[in-house]
Amino acid sequence: MAKYKIMFVCLGNICRSPMAEFICKDLVKKAGREAEFEIASSAVSSENVYNGVGAPVYKPAQAELKKHGITCEGKRAQVLKETDGEKYDLFLCMDDSNVRRAKRILGGKNEEKCKKLLSYAGEIGDVADPWYTGDFTVAYADILRGVKGLLDSLE
């Protein structure tokens, strides 16, 4: 059974949070720590889920992961649910808006589980949003710093 259950969260679950999910899975696998983790990602908005089917990871996000030897094959957007609050130990959000919305969805008793990913890198800022900037390289670097900091804190 997984020791750490982590959900990465962004607005639509097609760029930043799936990138974080698969970067984390890659680092955990390389460290031989897969059995310690259950890792997933979700959205605070349903805009990328149509008739119950989530959109695939945005092509430029897939391409950025591929540059680093990481695949996200088969990942589809999913929406954060209140019941996830009981299943996961930590909800790592990409920005302040994601934190606010995740707390609303999860409800009062689980809101303390919501943190900004970059807080684990000792930063107060947000993960750059490539949906608006078009720069997936910067988003990847932000996410990598946060995930490495998270994993260091869990050793």
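Figure 1. The model is predicted, with local features requiring pLDDT of at least 70 and side-chain atom pairs counted only at pLDDT 80 or more, while totals for chains, interfaces and linings use all residues. Residues are numbered from 1 along each chain as its sequence is written, and side-chain values use heavy atoms, with hydrogens and water left out. Helices (H or I, at least four residues) and strands (E, at least two) are DSSP runs numbered from the N terminus. Helix α1 covers residues 16–30, 15 residues in all, and reaches 21 Å from its first C-alpha to its last, close to the expected 21 Å at 1.5 Å a residue; the expected span is 1.5 Å times one less than the number of residues. Of the 15 residues in α1, 11 are buried, among them R16, M19, F22, I23 and V28. Buried means under 20% relative accessible area, exposed over 50%, and partly exposed in between (1.4 Å probe, protein chains only).

**Figure 2. The end of α1 and residue R33.** Helix α1 is followed by G32, which has a positive phi near 70 degrees. R33 sits in the loop between α1 and β2 and is buried, with a relative accessible area of 12%. Apart from its neighbours within four places in sequence, R33 is in contact with Y4, V28, L151, L154 and E155.

**Figure 3. Salt bridges of R16.** The structure holds 15 salt bridges, each a side-chain nitrogen of Lys or Arg within 4 Å of a carboxyl oxygen of Asp or Glu. One of them pairs D95 with R16, with the closest N and O atoms 3.1 Å apart. Because D95 is in the loop between β5 (90–93) and α4 while R16 is in helix α1, this pair ties together parts that are 79 residues apart in sequence. D95 and R16 are both buried. R16 also meets D129 in a salt bridge (3.4 Å, N to O). D129 lies in the loop between β6 (114–116) and α5, so its pairing with R16 in helix α1 links parts 113 residues apart in sequence. D129 is buried, as is R16.

Figure 4. D142 and R145 form a salt bridge whose closest N and O atoms are 2.8 Å apart. The two residues are separated by about one helical turn because they are three residues apart in helix α6. D142 is buried at 9% relative accessibility, whereas R145 is partly exposed at 35%.

**Figure 5. Cysteines without disulfides.** The structure holds zero disulfides, a disulfide being a pair of cysteine sulfur atoms within 2.5 Å. For C10, the closest cysteine sulfur is that of C15, at 6.9 Å, which is too far for a bond. For C24, the closest is in C93, at 14 Å, again too far for a bond. Both cysteines are buried: C10 has a relative accessible area of 4%, and C24 has 0%.

**Figure 6. Residue G52.** G52 is found in the loop between β3 (49–50) and β4 (53–54) and is exposed, at 69% relative accessibility. The C-alpha atoms of G52 and Q78 are separated by 8.9 Å, with the two residues 26 apart along the chain.

Notes. Contact means heavy atoms within 4.5 Å.
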